[in-house]
Amino acid sequence: MNFETGMENLTTSAHCDDDCDCAPDPSLLADFKRAIHAVGGKWKLEILFALMNGAMRFGALRRSVTGITQHMLTTQLRELEQDGLVSRTAFAEKPLRVEYELTDAAFGLLPAFKELLSWSRLYGGARSLPGLAVDA
């Protein structure tokens with residue numbers, strides 16, 4: 001992919017001045033912000049990753065995402081559903097059975113997940129990376 005965000009200007013010795021347009025393309029930035037909002041948050045990526053192997057009931061999903069509260073999982077699932085990344089299916093059974101699964105849009109994130117895993121394997125042992133501060 002060829003992203004022209006203006007960040008490549010930071011790798012040269014030249015600094016931006018008033019004649020230089022160093023800001024990223026506004027429409028590209030808006031698209032990026034929309035994507036980050038959809039998957040951003042402490043738990044969303046973990047929830048999406050947990051659902052990569054197929055549909056899960058709420059309880060199983062909560063057990064697979066260690067440390068998340070019931071309230072937070074509910075909130076994050078609702079947001080993911082609103083953003084079109086997770087679908088919720090309620091089965092008319094007693095007791096009510098609800099399953100969550102990824103939508104086709106969420107499966108589109110699979111290449112990004114693979115890249116993140118590769119990145120983690122390469123740099124995951126480092127407490128901090130050059131130019132990247134890692135909070136404890």
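Start with the sheet: three strands form an open sheet in the order 1-3-2, with antiparallel pairing. Strands here are DSSP runs of E with at least two residues, and helices are runs of H or I with at least four, both numbered from the N terminus. Two strands count as paired if DSSP finds at least two bridges between them. Select strand 1 (56–57) and strand 2 (86–91): these stand at the edges with a single partner strand each, so one side of each has no neighbour in the sheet.

Before moving on, a word on what is on your screen. This is a predicted model, in which local features need pLDDT of at least 70 and side-chain atom pairs count only at pLDDT 80 or more, while totals for chains, interfaces and linings use all residues. Residues are numbered from 1 along each chain as its sequence is written, and side-chain values use heavy atoms, with hydrogens and water left out.

Now select strand 3, residues 97–102, which runs antiparallel to strand 1 and is joined to it by two bridges. Which residue of strand 3 is the bridge partner of Met56? Tyr100 is that partner.

Stay in strand 3 and pick Leu102. Leu102 counts as buried because its relative accessibility is 7% (buried is under 20% relative accessible area, exposed over 50%, partly exposed in between, with a 1.4 Å probe and protein chains only). Beyond neighbours within four places in sequence, show Leu48, Leu51, Met52, Leu85, Val86 and Phe107, with which Leu102 is in contact (heavy atoms within 4.5 Å).

Next, go to Lys44 in helix 2. Is Lys44 buried or exposed? With 1% relative accessibility, Lys44 counts as buried. Its side chain makes a polar contact with the side chain of Glu79 at 2.9 Å, and it reaches the backbone oxygen of His37 at 3.4 Å. A polar contact is a pair of N or O atoms within 3.5 Å; within protein, one must be able to donate a hydrogen and the other to accept it, and residues adjacent in sequence count only if both atoms are side-chain atoms. Leaving aside neighbours within four places in sequence, the contacts of Lys44 also include Gln76, Leu80 and Asp83.
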